[in-house]
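Student: I would like to go through the terms used to describe a model. Please set each value against its definition.

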Amino acid sequence: MEYPDSNSEMSEVQLLQTLSDLREKMAALEKERSEHLLEQDLYKTLANSSQVGVYILQDRKFQFVNPHIAEYAGYREEEMVGMESLSLIHPDDRLTARKNAIRMLKGQRFSPYEFRIITGDGRIKWIMETSTPIYYRGKRAVLGNSMNITGQKEARNRLEELEALESSILDAIPHAVVGLHNRRFIFANNAVQDVFGWLPEELIGRSVRLIYRNDADHDEIARRFYDSLEKQRTYSTEFPCRHKDGHEIICLMRASRIGERLTERRIVVTYEDITERKKAEKELEESREKMRNLSIHLQSVREEERTRIAREIHDELGQSLTAFKMDLSWLGKRMTSEKLLHDKIKAMSGLVDRTIESVHRISADLRPGLLDDLGLVAAMEWQAKEFSARSGIACEADLEAEDVPLDKEPATAVFRIFQETLTNVARHSNATKVFVRLETKGDKVILEVTDNGRGITQKQINDPKSFGIMGMRERALLWGGDVQVIGSRSRGTTVKVSIPLKSGEKE
């Protein structure tokens with residue numbers, strides 16, 4: 001019987017064992033390969049179905065990218081696989097992006113981080129990213145989720161620029177500008193400190209009652225604002241306010257609603273401190289009132305002086321000349337035989353007649369007696385005839401039959417304006433005809449003088465040296481009236497005077 005070789009038998013056992021081990025290892029490798037393929041397919045499926053950029057890094061190189069990240073990076077997917085991830089990041093952001101990624105992988109950061117990339121065609125885009133540690137193909141890897149936020153970033157930058165611009169504009173406005181929501185401050189510019197003494201941050205969230213004197217004022221201005229802004233976009237008014245230190249100020253307030261309607265009661269209000277301006281206006285008005293009263297007094301004194309002089313000239317000089325003429329007549333009757341003396345006396349008598357006429361004319365120019373004795377209408381009729389006789393310009397007067405119910409002083413003002421108007425026509429217009437109309441309309445006396453001359457120009461009307469027009473306007477203004485001068489080239493000039501019957505008269 002032959003026995004088998006023990007060494008040969010052992011070799012077969014070992015071989016079988018080795019083959020068995022190999023089969024197990026091959027099965028394990030196949031299983032691991034299948035798992036890796038399954039893992040890879042799973043990542044690809046998830047990544048490709050994602051709406052954001054997804055990538056896997058190993059050794060700082062892209063092992064996988066989905067179409068989204070390839071699209072905004074400006075590369076093909078196969079170009080990015082194997083690419084250094086840092087090469088895609090903007091050089092100025094690489095260090096910060098790497099630090100943020102490491103902190104997130106270590107669990108020290110939880111919010112996404114932002115950085116810039118340089119795309120394949122050289123453009124710069126903003127990316128928002130998160131990083132997660134994973135195993136990929138049996139090795140440690142990084143799963144990145146990124147989103148292209150360039151549009152949002154640009155919009156955010158534009159918004160920040162707009163907000164900065166709005167803030168700059170608000171701070172450039174010298175008046176206080178505040179935003180109110182339900183009568184509480186929601187924003188304020190730096191000028192609130194100049195106007196009210198409050199810092200902007202001291203007002204935010206507080207009631208606007210702070211800047212008004214009392215509750216009644218607070219409620220009254222709110223009623224005005226909201227009632228008006230319901231119907232119109234803006235509203236302005238002057239209203240008393242209160243400074244932080246307690247003193248009262250007057251503000252010019254302009255309010256505008258935010259939005260098309262006041263459903264949320266949001267408005268913007270500007271406050272301009274006009275306290276000094278109002279004080280100056282009051283002082284100026286008081287000064288003007290004093291000047292008007294002084295001017296009225298001086299006009300009255302001048303008219304009285306004219307009346308006195310006219311009376312003295314008429315009475316004293318007129319009487320003397322009349323007596324002189326009577327003496328000459330007496331002498332002439334007693335020298336009939338002396339022809340030379342008789343002719344001389346006759347010539348002297350004619351000179352005295354002409355002198356008497358001059359005295360009457362000068363006296364009437366100083367103060368027509370008709371104005372005092374018969375009133376404005378009669379005086380104007382006489383003046384119109386005198387004007388025509390002296391200038392040769394036809395003057396047609398349409399005056400009310402009854403006298404105008406004006407007191408002496410305003411009636412004198414109307415008459416003097418009429419005289420000045422006729423003087424200007426004679427001097428400057430080259431007119432051949434003048435039409436005059438005097439009437440009462442409502443509570444006013446209206447005087448209208450129109451000529452057919454060459455017409456005054458606007459430049460002449462506004463000329464500061466046009467003292468005649470200035471004087472007419474000043475006379476009318478003293479009695480609450482006004483003067484309008486309208487010229488039309490080659491079609492004449494119209495002067496229209498309006499004087500109140502009662503309200504403009506001074507006591």
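Predicted model: local features only at pLDDT ≥ 70, side-chain atom pairs only at ≥ 80, totals over all residues.

Tutor: Residues are numbered from 1 along each chain as its sequence is written, and side-chain values use heavy atoms, without hydrogens and water.

Student: How many helices and strands are in the chain?

Tutor: The chain has 15 helices and 15 strands; helices (H or I, at least four residues) and strands (E, at least two) are DSSP runs, numbered from the N terminus.

Student: Why are H12 and H13 called roughly parallel?

Tutor: Helix H12 (residues 376–391) and H13 pack at an angle of about 15°, with their axes 10 Å apart. Axes are lines fitted to C-alpha atoms, for helices over the stretch in contact, and angles run from 0 to 180 degrees between N-to-C directions. Angles under 35 degrees count as roughly parallel and over 145 as roughly antiparallel, with 65 to 115 roughly perpendicular and the rest oblique. H12 and H13 are therefore roughly parallel.

Student: What makes H13 roughly antiparallel to H15?

Tutor: The axes of helix H13 (residues 408–429) and helix H15 (residues 467–477) cross at roughly 165° and come within 9 Å. That angle makes H13 roughly antiparallel to H15.

Student: Which residues of H13 and H15 meet?

Tutor: Ala 413, Arg 416, Ile 417, Glu 420, Thr 421 and Asn 424 of H13 meet Gly 468, Met 472, Arg 475 and Ala 476 of H15; contact means heavy atoms within 4.5 Å. By class, this contact of H13 with H15 has four nonpolar, three polar and three charged residues. Ala, Val, Leu, Ile, Met, Phe, Trp, Tyr, Cys and Pro count as nonpolar, Asp, Glu, Lys and Arg as charged, and the others, Gly among them, as polar.

Student: Why does Arg 60 count as partly exposed?

Tutor: Arg 60 has 47% relative accessibility, so Arg 60 counts as partly exposed. Buried means under 20% relative accessible area, exposed over 50%, and partly exposed in between (1.4 Å probe, protein chains only). Arg 60 is found in the loop between strand S1 (53–58) and strand S2 (61–65), and has a positive phi of about 65° although it is not a glycine.

Student: Why is Arg 137 called partly exposed?

Tutor: Arg 137 counts as partly exposed because its relative accessibility is 37%. Arg 137 is found in the loop between strand S4 (124–136) and strand S5 (139–148), and its phi is near 60°, a positive value.
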